[in-house]
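Thanks for asking me to look through this one with you. Have the sequence and the 3D view open side by side, and take the points one at a time.

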Amino acid sequence: MMAGLEGSMIHSDKSVHALQRFGLGARPGDLDRVQRDPVGALQAEINRPRVTLLSKPGLLSTSEALKVADEYQVERRKRLAAEPNLAGDAAAMSASPRRDKGIMDDQQSGTVSSREIYLDEVVARYEAAQKAECGFAERLVWFWSNHFAISAAKGARLLVTAGAFEREAIRPHVFGRFADMLLAVEQHPSMIMFLDNNISIGPNSAAGSRRGRGLNENLAREILELHTLGVNGGYNQADVLALAKIITGWTIGEKQDGSRGAFTFNPHRHEPGVHKVLARSYAQAGVQQGQAVLADLARHPSTARFIATKLVRHFVGDEPPADLVAHLAKTFEATDGNLAKVSRALIEAPAAWEPPPTKLRSPQELLAAMLRATNSSLEGPQLVRLLMTLGQRPWSPGGPDGFPDTAAYWTSASGMRTRLDVASVIAQRAEANSDPATLVDQIIGPIASRETRSAIAAADSRAQGLAILFAAPEFQRR
């Protein structure tokens with residue numbers, strides 16, 4: 001025990017903050033590694049080529065995953081036609097409170113199911129978190145994926161493409177340009193399906209005049225309110241309506257000609273004419289009209305402030321320091337939304353390191369930190385089950401605004417009890433060499449309180465000691 005205490009003396013609070021506030025938590029040996037230059041350890045992730053990209057055998061592209069989901073639906077309709085009683089059985093099962101609709105449903109199509117596709121993506125995400133040096137890049141992936149939220153709970157097609165959406169639209173741009181990420185997100189089939197733009201038809205378009213079908217404003221509204229300007233960003237309902245018209249025709253290919261499951265522009269659905277957004281007129285033809293609007297929104301000052309505020313709230317405090325927000329917003333504007341430079345400005349600002357650790361780790365961050373601390377891994381069903389228990393099922397927020405990012409949302413009495421229960425589960429599964437008396441120095445080191453150390457020392461078992469470590473405020477907060 002004394003050797004562990006002596007080892008903790010070489011660590012600084014800043015080395016812990018690098019791994020907890022900005023990363024996914026320390027693994028044994030990480031505090032020693034980052035101690036000399038905590039900021040440099042985070043900068044190294046920004047500088048590492050392809051650090052956010054994720055590839056693994058068996059992961060499907062969006063088009064491949066949609067093919068599985070669609071084939072399942074075809075087979076299901078055939079079975080229902082052949083055996084009508086199955087419809088009643090399916091309705092009864094979906095109404096059962098014990099059934100996790102959409103995720104635990106074994107939607108079989110050939111040799112792979114929709115559920116398996118989803119679970120493979122969750123496992124791959126957590127494997128990337130486990131392997132990350134500090135986890136700053138992965139934390140940013142999770143941040144942007146929640147900023148541009150979709151929900152896997154909205155049917156089989158979203159279930160099977162949620163992971164592909166993150167891999168294809170988010171990960172390639174985390175340290176690139178915000179404008180490129182914005183365009184990739186809004187033209188991704190998952191976002192188009194989630195916010196119903198595939199059923200939006202310009203009233204005066206060729207298709208609209210024939211079918212009498214109308215406009216859907218969902219995607220346009222969330223682009224302005226949640227993805228770029230923010231709710232107080234200076235737009236009004238007329239801007240929402242104009243943008244909704246501009247992006248009519250942004251849909252998903254359904255034909256067997258190579259376009260199936262990919263972004264497609266359908267000119268027959270596109271509302272013709274010049275449209276005005278934020279007092280600027282857009283006369284471009286076809287898909288370029290919407291692309292021009294997104295490019296302007298990406299460099300708008302309101303977007304810079306909105307993104308800066310969310311980043312600082314996520315990494316530093318529920319009440320974002322105004323000076324730090326202003327610094328990041330200025331960097332965003334000056335660099336035309338260069339996210340590598342914005343991320344670097346965040347970690348290089350002294351104000352980002354100064355506040356005490358009051359941010360509560362989200363459930364997905366907490367689980368990743370426990371697995372990293374004990375060098376443990378879980379299979380897909382276990383990961384999803386624990387995250388559902390904690391209230392943060394992967395890629396399944398309650399709405400397009402994503403999961404809340406303040407402590408108040410996660411600190412209910414029942415929520416904290418659940419955290420203790422999950423801490424006990426991970427502690428029981430941890431490797432036998434995960435000694436809590438040693439880990440307390442290797443994981444939270446200099447910020448471990450006397451009370452936490454005493455409670456761990458008095459534990460009746462190794463598992464109880466680990467559970468106490470995981471339940472400690474120093475571990476739960478960042």
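**Notes on the predicted model**

1. Let's begin with one residue. Aspartate 441 is buried, because its relative accessible area is 3% and the cut-off for buried is under 20%. You will find aspartate 441 in helix H23. What does the side chain of aspartate 441 make a polar contact with? The partner is the side chain of arginine 453, at 2.9 Å.

2. Before going further, please keep in mind that this is a predicted model. The average pLDDT of the protein is 91, and 91% of the residues score at least 70.

3. Now step back to the whole protein. It contains 26 helices and six strands. Its C-alpha atoms fill a box of roughly 80 × 60 × 40 Å along the principal axes. How does the radius of gyration of the protein compare with that of a compact globule? For 478 residues a compact globule would have a radius of gyration near 23 Å, and the protein's 24 Å agrees with that.

4. Of the 478 residues, 53% are buried. The accessible surface amounts to about 20,100 Å², and carbon and sulfur atoms account for 52% of it. As for contacts with a separation of 6 or more, 72% are between residues 24 or more positions apart.

5. Here is a general idea to hold on to: in soluble globular proteins, nonpolar side chains tend to be buried together. In this model, the largest nonpolar core has 123 residues, and Trp144, Phe148 and Leu367 have the most contacts inside it. A second, separate core has six residues, including Ala65, Val68, Ala69 and Ala156.

6. Helix H2 (residues 13-20) is mostly covered, with six of its eight residues buried. Those buried residues are Ser15, Val16, His17, Ala18, Leu19 and Gln20. Their cover includes helix H3 (30-34), helix H4 (38-47), helix H8 (136-147), helix H23 (436-443) and helix H26 (473-476). In helix H25 (residues 462-471), the buried residues are Ala463, Gly465, Leu466, Ala467, Leu469 and Phe470. Among what covers them are helix H19 (363-374), helix H22 (413-429), helix H24 (450-457), H23 and H26. Finally, look at two backbone angles. Leucine 278 has a positive phi, near 55°, in a residue other than glycine. Leucine 278 is in the loop between strand E5 (275-277) and strand E6 (280-282), and its relative accessible area of 25% makes it partly exposed. Asparagine 375 is not a glycine either, and its phi is positive at about 55°. Asparagine 375 lies in the loop between H19 and helix H20 (380-390). Is asparagine 375 buried or partly exposed? At 49% relative accessibility, asparagine 375 counts as partly exposed.

How values were computed: Residues are numbered from 1 along each chain as its sequence is written. Side-chain values use heavy atoms; hydrogens and water are left out. pLDDT is the predictor's confidence in each residue, from 0 to 100. Buried means under 20% relative accessible area, exposed over 50%, partly exposed in between (1.4 Å probe, protein chains only). Helices (H or I, at least four residues) and strands (E, at least two) are DSSP runs, numbered from the N terminus. Contact means heavy atoms within 4.5 Å. A polar contact is a pair of N or O atoms within 3.5 Å; within protein, one must be able to donate a hydrogen and the other to accept it, and residues adjacent in sequence count only if both atoms are side-chain atoms. A nonpolar core is a set of buried Ala, Val, Leu, Ile, Met, Phe, Trp, Tyr and Cys residues joined through side-chain atoms within 4.5 Å. The radius of gyration is taken over C-alpha atoms; the globule rule is 2.2 Å times the number of residues to the power 0.38. Accessible areas come from the Shrake-Rupley method with a 1.4 Å probe; for residues, only the protein chains shown count as cover.
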